[in-house]
Amino acid sequence: MKDWKSVVSLGMGCFLLTCLYFTSLALSYGYDGEVRVINLATEPVKNGELEVCDQQFQLGGIDKGKSKLFRYKVRSDSHFRLIVEFNSGRKLTRELGYVTSGRDFKHTLTLKDGEVLLTLLP
């Protein structure tokens, strides 16, 4: 009888852990993020890369005053990693911001000469 209680307790523990695991998966993969990269620098962007939540996006070219929108899945806690190369060959690299699983996000990354501004939109 003593062994039976141990087996039942172990089974219940495994069941609860399995439920918790699948619940966390369902919640963390159900949220979306979007980020708009706006080029307000004095020269066009030649190329670049944006990484968030283990997803990588190629910026391609972005003319002065123009923008590009990227959509991603909020799969984990993360920050934005941005690498930009301008037409002159000048590079700008930044890690900034924060997203966390459990909600949707909308951000704007504004490129200026020598800096990147991050704005969280409502």
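**Aromatic pairs and their surroundings**

The structure holds two aromatic pairs; a pair here is two rings of Phe, Tyr or Trp (its six-membered ring) with centres within 6.5 Å, called stacked when the planes are under 30 degrees apart, edge-to-face when they are over 60, and tilted for the rest. In one of them, the ring centres of Phe57 and Phe70 are 5.7 Å apart and the planes stand at 45°, so this pair is tilted. Phe57 belongs to strand E3 (residues 55-58) and Phe70 to strand E4 (residues 67-73), so the pair ties together parts 13 residues apart in sequence. Phe57 and Phe70 are both buried, where buried means under 20% relative accessible area, exposed over 50%, and partly exposed in between, with a 1.4 Å probe and protein chains only. The rings of Tyr72 and Phe80 have their centres 6.2 Å apart and their planes at 90°, so they form an edge-to-face pair. Tyr72 is buried at a relative accessible area of 3%, and Phe80 is buried at 0%.

Before going further, a word on the basis of these values. This is a predicted model, in which local features need pLDDT of at least 70 and side-chain atom pairs count only at pLDDT 80 or more, while totals for chains, interfaces and linings use all residues. Residues are numbered from 1 along each chain as its sequence is written, and side-chain values use heavy atoms, with hydrogens and water left out.

Let me now turn to the overall arrangement. The protein has one helix and eight strands, and from the N terminus the elements run α-β-β-β-β-β-β-β-β. Helices (H or I, at least four residues) and strands (E, at least two) are DSSP runs, numbered from the N terminus. Of the 122 residues, 30% are buried. The protein exposes about 7700 Å², with carbon and sulfur atoms supplying 57% of it; this area comes from the Shrake-Rupley method with a 1.4 Å probe, and for residues only the protein chains shown count as cover.

Strands of a sheet pair through backbone hydrogen bonds, either parallel or antiparallel.

E7 and E8 run antiparallel and are joined by six bridges. Across this pairing, Leu109 stands opposite Leu118 in E8, and Lys112 stands opposite Glu115 in E8. Their hairpin has two residues between the strands, and Gly114 takes a positive phi near 85° there.

Is Thr110, in this part of the chain, buried or exposed? Thr110 lies in strand E7 (residues 105-112) and is buried, with a relative accessible area of 11%. Beyond its neighbours within four places in sequence, Thr110 is in contact (heavy atoms within 4.5 Å) with Ile38, Leu40, Glu115, Val116 and Leu117.

Finally, Lys64 sits in the loop between E3 and E4 and is partly exposed, with a relative accessible area of 49%. The C-alpha atoms of Lys64 and Leu40 are separated by 5.9 Å, although the two residues are 24 apart along the chain. Leaving out residues up to four places away in sequence, Lys64 touches Asn39, Ala41, Thr42, Glu43 and Pro44.

Note on methods: Two strands pair if DSSP finds at least two bridges between them.
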